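Here is a short report on packing, charge pairs and surface. Keep the structure open while reading.

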Amino acid sequence: MTDPLSQVFAALADPTRRDMVARLADGDATLSELAESYDVSLQAVAKHLKVLEGAGLVSRTKQAQRRPVHLEAEVFDLMTRWIERYRRQAQERFTRLDAVLASMEAEASQAGTDQDDKEEAS
C-alpha cells in the first residue's frame, strides 16, 4: 500500500489511532502524555504513532528534552477532496432521481385529471 490516501485511511481504521488524532487536534503531546490516556503499554502507543507518522498524519520534533507529536492537519485535505468528490457525485444522482420522480408525479397527476374530465363529459 503505497498511495498516501490508502495509508491515511488504513491508519485511521484503528479506533485507538483515531482517538490519538482527536487528542492531538487539541494540541501537541509527547508519547508519555498520549500513553496516559490508554490502558496499553508505552510500546503499543509508540507503534500506533509510528503508523500515524508513516501515513503522514503526525510528525515529531525535538524541543530540548521533549519530542512532542504534532498533528499534520493538511493531510485531511487529501481525504476531504476524495470524500467530497464522491459525495458530490451521489448528490447529483439524487438530484436527477428527484427530477425524474417529480416528472412521473406530474404525469400521473395529469393523467388523473384527464380521466376525471372524461368521466364528467360522459
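Which residues are buried in helix H1 (residues 4-11)? This is a predicted model. In H1, the buried residues are Leu5, Val8 and Ala11. They lie on the same side of H1, because they cover an arc of only 135 degrees around the axis. These buried residues pack against helix H2 (15-26), helix H4 (42-54) and H5.

Next, the charge pairs. The structure holds 4 salt bridges.

| Salt bridge | N to O distance |
|---|---|
| Glu33 with Arg66 | 3.3 Å |
| Arg87 with Glu84 | 2.6 Å |
| Arg88 with Glu84 | 3.7 Å |

Take Glu33 and Arg66, which form a salt bridge. Glu33 lies in helix H3 (residues 31-35), and Arg66 in the loop between strand E1 (58-60) and strand E2 (69-71), so the pair ties together parts that are 33 residues apart in sequence. Glu33 is partly exposed at 30% relative accessibility. Arg66 is partly exposed too, at 35%.

Helix H5 holds Arg87 and Glu84, 3 residues apart, about one turn of the helix. Arg88 and Glu84 are 4 residues apart in H5, again about one helical turn. Salt bridges that share partners join Glu84, Arg87 and Arg88 into one network. Glu84 is partly exposed, with a relative accessible area of 28%. Arg87 is at 42%, and Arg88 is at 42%.

Last, the surface. Phe94, Leu97, Val100, Leu101 and Met104 form a nonpolar patch there, with about 470 Å² of accessible area together. Leu97 sits in helix H5 (residues 75-121). Its relative accessible area is 43%, so Leu97 counts as partly exposed.

Methods
Residues numbered from 1 in each chain as written. Predicted model: local features only at pLDDT ≥ 70, side-chain atom pairs only at ≥ 80, totals over all residues. Heavy atoms only, no water. Patch = residues over 30% accessible without salt bridge, like charges linked within 9 Å, V, L, I, M, F, W, Y side chains within 5 Å. Areas by Shrake-Rupley, 256 points an atom, 1.4 Å probe, with all protein chains shown as cover. Salt bridge = Lys/Arg side-chain N within 4 Å of Asp/Glu carboxyl O. Helix = DSSP H or I, 4+ residues; strand = E, 2+ residues; numbered from the N terminus. Buried < 20%, exposed > 50% of the residue type's maximum accessible area, 1.4 Å probe, protein only. Arc of directions from axis to C-beta. Contact = heavy atoms within 4.5 Å.
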